[in-house]
Amino acid sequence: MYLYKKPKMGKNILNEIDQMKYLFGYKPGKVISEQVTPTTPPSSGTTSGDTKPEFATIEGVVYKLPGITDLTKLENFRSVGKVADLANSMGIDPGWLSQYERLKQQNKGKTDQSWIKGDKLHNIWTATKGVLDIIAKLGITPERLKDRGIQETMMRSNYGPYLKYALEPGDEEGSVITRDNYFNKLADIVSYKMKSL
């Protein structure tokens, strides 16, 4: 008797590989070394047409988003400010922010801060910081954030449970913001942040 089914496991692995190829812009029929990568125009002193990728390695991690060249720029890109800042920039109903602030005041000075785990707005804030880091690592542009495949990959990331809790209407509170609106607003935030890099 087998504890797992080989065909299903193989299918899951193939699906994951397909998602990764999609994220990295893989083109069938070309060797991986010949795949197109983000490039910079040759410098004025260079006569050859060779270009170099714009990737930055920061603290041993490669970041592919154009414009991220050092730790300061990376930290600025990943920053979402306070919970209220994110709520305002995403156009989230002020009632959610009022609820968050009320709970925060009720629990001020207490050592047990488990209430945060149950607050949907705080979950979006936590997830967005992590999602911005993923975007920077993979070089996902604002236009690609509107793609369902990219969105599904984000929902399956380590930050997916935070997003699902806040974006899916699983209880009487409902969702803080719809999934489509979240990713549209996130694309706007990424676009704005990329301009300031």
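This is a predicted model: local features need pLDDT of at least 70, side-chain atom pairs count only at pLDDT 80 or more; totals for chains, interfaces and linings use all residues.
**Entry 1: α3 against α5**

I started with two helices, α3 (residues 83–90) and α5 (residues 120–138), whose axes come within 10 Å and cross at roughly 90°.

Next I looked up who makes the contact. From α3 I listed V83, L86 and A87. From α5 I listed L121, H122, I124, W125 and T128. I then sorted the contact of α3 with α5 by class: six residues are nonpolar, two are polar and none is charged.

Which charged side chains pair up? As background, side chains of opposite charge can pair when their charged atoms come close. I found five salt bridges in the structure. I followed up some of them.

I stayed with α5 to begin. The side chains of D133 and K137 meet in a salt bridge, at 3.1 Å from N to O. Both residues sit in helix α5, four residues apart, which is about one turn of the helix.

Is D133 buried or exposed? I read a relative accessible area of 11% for D133. D133 counts as buried because this value is under the 20% cut-off. K137 has 32% and is partly exposed.

I also checked for further partners. D133 and K137 are linked with R78 in a network of salt bridges.

**Entry 2: R148 and D180**

I moved on to R148, which forms a salt bridge with D180. Their closest N and O atoms are 2.9 Å apart. Where do the two residues lie? R148 is in helix α6 (residues 148–155) and D180 is in helix α8 (residues 179–195), so the pair ties together parts that are 32 residues apart in sequence.

I looked up accessibility for both ends. R148 is partly exposed at 49% relative accessibility. D180 is partly exposed too, with a relative accessible area of 36%.

**Entry 3: R156 and E152**

My last pair was R156 with E152, another salt bridge. The closest N and O atoms here are 3.3 Å apart. How exposed is R156? I noted 52% relative accessibility for R156. R156 counts as exposed because that value is over the 50% cut-off. E152 is partly exposed, with a relative accessible area of 25%.

**Recap**

I have the α3 and α5 contact, with no charged residues in it. I have the network of R78, D133 and K137. I also have the R148 bridge to D180 and the R156 bridge to E152.

Conventions:
Residues are numbered from 1 along each chain as its sequence is written. Side-chain values use heavy atoms; hydrogens and water are left out. Axes are lines fitted to C-alpha atoms, for helices over the stretch in contact, and angles run from 0 to 180 degrees between N-to-C directions. Contact means heavy atoms within 4.5 Å. Ala, Val, Leu, Ile, Met, Phe, Trp, Tyr, Cys and Pro count as nonpolar, Asp, Glu, Lys and Arg as charged, and the others, Gly among them, as polar. A salt bridge is a side-chain nitrogen of Lys or Arg within 4 Å of a carboxyl oxygen of Asp or Glu. Buried means under 20% relative accessible area, exposed over 50%, partly exposed in between (1.4 Å probe, protein chains only).
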